[in-house]
Amino acid sequence: MKCLTRFAVCLAALAAIMGAPLLSAEPKALAICMACHGKEGVGINADYANLGGQNAAYLVLQLQAFRSGERKNVVMNGMAAGLTDADIDELADWYAGQPWVIADNGNPNLVEEGLNRAGYCHACHGMKGYPVAKDWPILAGQSALYLDNQLQAYKSGTRYHPLMVNVVKDLEPSAMTALASYYTQLNGAAAPQ
Ligand code: HEC
Ligand code: HEC
């Protein structure tokens, strides 16, 4: 009855009930991450990864690897150290649900060379930089310096994955920079193949 007489109050109450789960979806631990990855997952520096729109299952694996120290990065090892499994799941879901932003911050003169070298990558990372498995990373539009650093990390051993170790074995630094410049300008927002 009150709903009929106090229509606005009723609507506000309904909106509060329906909106509550959406608002509370913002993870507690997000406050720690925002300083470097922003609320929407856009890194404030070119060597901080873009997380918005990335595959959730992949983000979970990376946060676990930073937490255990298996993936080494001084900053991120510290950031992940105190996260619970629930924090990790919430943060991964949050960032995966944000829009994917195309960084396109590589060297435009190296895009063609990168494309020519990417033949081998397509089998796993797709023709447009979308991976064949959901727990693998989207490369399309990721920040170039970050991508370049990761290829170096697989080579130096601060990051390990059996498939990527073989890939980087014979890659020179100049080839890594060209590949990073190619992948950063791919349109990640386009429909995955
Ligand atoms: C002080 C800056 C800083 C803060 C705060 C920070 N990060 Fe990072 N993050 C980085 C840097 C730098 C890298 C790149 C690490 C590397 O090169 O391996 C990174 C990488 C990552 C990656 C890897 C992305 C990929 O594509 O593999 C994930 C996931 C991530 N951060 C999540 C988080 C989350 C979640 C938080 C909050 C708990 C957080 N970060 C807080 C700086 C930060
Ligand atoms: C046999 C499959 C396979 C091939 C071929 C392959 N990759 Fe990967 N790549 C992976 C997997 C799996 C991961 C995730 C590894 C992990 O969890 O650390 C990955 C991760 C990466 C990352 C890290 C991205 C991030 O967000 O941190 C980069 C960069 C990358 N690959 C670039 C390349 C390039 C460039 C090539 C070709 C020269 C290539 N890969 C070929 C399977 C492959």
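**Figure 1. The shell around ligand 1 holds 17 nonpolar, four polar and one charged residues.** Welcome to a predicted model, in which local features need a pLDDT of at least 70, side-chain atom pairs count only at pLDDT 80 or more, and totals for chains, interfaces and linings use all residues. Residues are numbered from 1 along each chain as its sequence is written, while chains are lettered from A and ligands numbered from 1 in the order in which they are written. In the classes used here, Ala, Val, Leu, Ile, Met, Phe, Trp, Tyr, Cys and Pro are nonpolar, Asp, Glu, Lys and Arg are charged, and the others, Gly among them, are polar. Of the 22 residues around ligand 1, the nearest are Cys 33, Cys 36, Ala 49, Asn 73 and Met 79; a residue counts as near a molecule or strand when its C-beta atom, placed from the backbone, lies within 6 Å of it. Two or more residues each come from α3 (30-37), α4, α5 and α9, and α3 gives the most, with five. These element names refer to DSSP runs numbered from the N terminus: helices are H or I over at least four residues, and strands are E over at least two.

**Figure 2. Now turn to ligand 2, which 20 residues surround.** Closest to ligand 2 are Cys 121, Cys 124, Pro 137, His 161 and Leu 163. Which helix gives the most to this shell? It is α8, with five residues. At least two residues each are supplied by α8 (119-125), α9 (144-156) and α10 (162-168). Sorted by class, the shell around ligand 2 has 15 nonpolar, four polar and one charged.

**Figure 3. Here helices α4 and α5 meet, with axes that come within 7 Å.** Helix α4 covers residues 56-68, helix α5 covers residues 74-81, and their axes cross at roughly 95°. Axes are lines fitted to C-alpha atoms, for helices over the stretch in contact, and angles run from 0 to 180 degrees between N-to-C directions. From α4, the contact uses Leu 63, Phe 66 and Arg 67; from α5, it uses Met 76, Asn 77, Ala 80 and Ala 81. Five of these residues are nonpolar, one is polar and one is charged. Two residues are in contact when their C-beta atoms, placed from the backbone, lie within 7 Å.

**Figure 4. Look here for Asp 104 and Gln 142, whose C-alpha atoms are separated by 7.6 Å.** The two residues are 38 residues apart along the chain. Asp 104 sits in the loop between α6 (85-96) and α7 (111-117), and Gln 142 sits in the loop between α8 and α9. Asp 104 has a positive phi of about 40°, although it is not a glycine. Most residues other than glycine have a negative phi. Is Gln 142 buried or exposed? Gln 142 is buried, because 28 other C-beta atoms lie within 10 Å. Asp 104 is partly exposed because it has 15 C-beta neighbours inside 10 Å. The cut-offs are 20 or more other C-beta atoms within 10 Å for buried, 12 or fewer for exposed, and in between for partly exposed, with C-beta atoms placed from the backbone. Leaving out residues up to four places away in sequence, Gln 142 touches Ala 49, Asn 50, Ala 103, Leu 147, Tyr 183 and Thr 184.

**Figure 5. This view shows Leu 145, a residue of helix α9.** Leu 145 is partly exposed, as 19 other C-beta atoms lie within 10 Å. Apart from neighbours within four places in sequence, Leu 145 is in contact with Ala 46 and Asp 47. Thr 177 is 32 residues from Leu 145 in sequence, yet the two are 8.0 Å apart in space, C-alpha to C-alpha.

Figure 6. Of its 193 residues, 28% count as buried. The mean pLDDT is 88, and 84% of the residues reach 70 or more; pLDDT is the predictor's confidence in each residue, from 0 to 100. Over residues 1-5 the pLDDT is below 50, and this stretch has two contacts beyond near neighbours in sequence. Where pLDDT is low, the predicted coordinates should not be read in detail.
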